[in-house]
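Me: I have a structure open and would like to talk it through with you, one topic at a time. Could you take my questions as they come?

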Amino acid sequence: MTENPITKYIGNFIDELSLAGVTEAVICPGSRSTPLAILAASHPDINVHIHVDERSAAFFAMGMAKAMRKPVALICTSGTAAANFYPAVIEAHYSRIPLIILTADRPHELREVGAPQAIDQQFLFGNFVKFFTDSALPDSHPEMLAYIRSLAARAAGEAKKAPRGPVHINFPLREPLMPNLEDEPFQRLRNGSHVAVESGRFRADRHQLEALSALIKETEKGMIVCGELQDDNAKAHIVSLSQAAGYPILADPLSNLRNGSHSKETIIDGYDSLLKEEQLKRELMPELVIRFGAMPVSKPLFQLLKQNPSIRQIVVDPDGGWRDPTQLSAHMLHCAEEEIAAAVASAVHSEKRSDSWLEKWRFANSRFRALLRNLEAEDLTFEGNIYRNLQHLIPENSSLFVGNSMPIRDADTFFENQERSFRIFANRGANGIDGVVSTALGIYAATKEPVTLVIGDLSFYHDLNGLLVSKTLDIPLTVVLVNNDGGGIFSFLPQSAEERYFELLFGTPTGLEFEHAAKLYGGRYVCPESSAHFADAYLSSVNRRGLDIIEVKTKRDDRVEQHRRMLDSAMYEIRKEWPF
């Protein structure tokens, strides 16, 4: 009887992934992927998470990789199963999240001949993966075992190499597909042939640092803009730089600079609203901007940078990418954020300058926040009040996942600086509304810390399938469902003026009763009608196991008018009190 080489071949691959630091694998059931699934599940150093829906599984894996900042393996069978990974692969590409996608395939003789569950899987994800290969057929020859180990090491190395991102390996597999676990496939395989793949970091040279330091010394009206940051160690140095330079930090919620024990003395959390007022925008116009991380969600900030080419923009990107949607950056520095912030802060620390520029920003920001705090927060039909209440309830050392469209924008407007420490996440690579539930569940699977998901009704509907793993994998999740029965963000856009077609094409109300979703997936449901009821429901949910859906029904028809009245009132008071 001829030996089936699948056990040794796939066993070597899985073992090498483990040695490369892969500890988590998300597996979708299927026949052709049997050896990949069984050998991943039987490896002593790999934890497996079973997900029956491929699209949700991919976002779940992405959430894990996002939280851990290291590669997660994602396994599926042949055919259209892999095609369902596509939205998450795109998001991982643009968010720089490391995934190792392992797809089973028919062997070459069964391709393009009408065999069942066989599609063209070559370069299936196009340019959205950093690396693709169609592996050789399983073979137990020593040279081929060395090859497949090398391929696993390369896949992990490519996923982790800056900029991080997804890689794809396609495995043509012949029957029989069952590996022989009696061979003790992993204990016998570690034979000293492990390939350690290490990547260095971009570094700034002395002349770059001296030039930037000189520019800051001669420019009083500067500011630091922080989007989503990948390196937690950079935060303290960025704060030190702002203090040394006298520059405000315009901190996107995803920078996680608004919350935590660090100094908030120079951190501006209300800039999105302040920059909507023309007089304030003129008063607060910078001459120099240093940007760390991705572009923030704020449209007024983007328009400020886009419409004023005289502002000198410096973008710091440690991964060597090109994050410049304004097309107006003067300098693109490819070096570690921590390194450049620390070095420049040290160089400009002794520089003496007036603090009037920073005081303008601090005055406007503090008055805006004080005025918002004085507004009535009881009416939950106004979506802003959901965030004003929630920000003070989120548990210490937990995670908040914020959906796209209105939720991330409302978090930007209403979440203010505070001392409590929690992490805020969102899928801002492609800014899509699909897979949000699954990504949030993946965050918990990686951190084992409480996760709160704030999501709109259309996004929630898009990924209801994702709730299944809350039940099957016993993952607790608190969902704050903001239900305005449709696409609330379109009410803020020019399309809202087209009354004849607005509801049909953009408002798209669904009329769904989400209480039934809670019952379907074994969760608890509540629809609070007051702030006190909301607080009780939320605090009860985050301290217990299981799925909790807290649905807040809001009014889409007058949301825009309420929001504008609030801002107009605040800006009027700031202009009236402006002392400069």
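Me: Is D474 buried, exposed or partly exposed?
Reply: In this predicted model, D474 counts as partly exposed, with a relative accessibility of 43%. D474 sits in the loop between α18 (468–472) and β16, and its phi is near 55°, which is a positive value in a residue other than glycine.

Me: And F123, what is its phi?
Reply: The phi of F123 is near 50°, again a positive value for a residue that is not glycine. F123 belongs to the loop between β4 (99–105) and β5 (132–134), and with a relative accessible area of 58% F123 is exposed. As background, most residues other than glycine have a negative phi, and most peptide bonds are trans.

Me: Speaking of peptide bonds, what is the one from A162 to P163?
Reply: That peptide bond is cis, with omega near -10°, and P163 lies in the loop between α6 (142–160) and β6 (166–172). The bond from E175 to P176 is cis as well, with omega near 5°, and P176 is placed in the loop between β6 and α7 (206–218).

Me: Switching to the sheet with β18, what is the strand order?
Reply: Six strands form an open sheet in the order β14-β13-β15-β16-β18-β17, and the pairing is parallel. β14 (423–425) and β17 stand at the edges with a single partner strand each, so one side of each has no neighbour in the sheet. On average, neighbouring strands of this sheet are turned by 20° against each other, with direction ignored.

Me: How many bridges does β18 make with β16?
Reply: Seven bridges join β16 (residues 477–483) to β18, and the two run parallel; within that pairing, T478 stands opposite D548. β17 (residues 524–526) is joined to β18 by three bridges, also in parallel, with R524 opposite D548 and V526 opposite I550. Between β17 and β18 the chain passes through helix α21 (residues 531–541), and this β-α-β crossover is right-handed.

Me: Why is β18 described as largely enclosed?
Reply: Six of the seven residues of β18 (residues 547–553) are buried, so the strand is largely enclosed by the rest of the structure.

Me: Where does α21 pack?
Reply: Helix α21 packs on the sheet, where it touches β15 (451–456), β16, β17 and β18, and its direction makes about 160° with that of β18. The buried residues of α21 are S531, F534, A535, A537, Y538 and S541, and their cover includes α14 (383–390), β15, β16, β17 and β18.

Me: Which residues touch the most other members in the largest nonpolar core?
Reply: Those are L301, W361 and F534, in a core of 55 residues, to which helix α13 (residues 356–373) gives the most, namely seven residues. Leaving aside neighbours within four places in sequence, the contacts of F534 include L380, L393, V480, P528, I550 and V552. Apart from this core lies another of 53 residues, among them Y444, A445, I475 and A517.

Me: Last topic, how many disulfides does the count come to?
Reply: The count comes to zero.

Methods:
Residues numbered from 1 in each chain as written. Predicted model: local features only at pLDDT ≥ 70, side-chain atom pairs only at ≥ 80, totals over all residues. Heavy atoms only, no water. Disulfide = S-S within 2.5 Å. Core = buried A, V, L, I, M, F, W, Y, C linked by side-chain atoms within 4.5 Å. Buried < 20%, exposed > 50% of the residue type's maximum accessible area, 1.4 Å probe, protein only. Helix = DSSP H or I, 4+ residues; strand = E, 2+ residues; numbered from the N terminus. Contact = heavy atoms within 4.5 Å. Pairing = 2+ DSSP bridges. Right-handed = clockwise from strand over helix to strand, strands pointing away. Axes fitted to C-alpha atoms, helices over the stretch in contact; angles between N-to-C directions.
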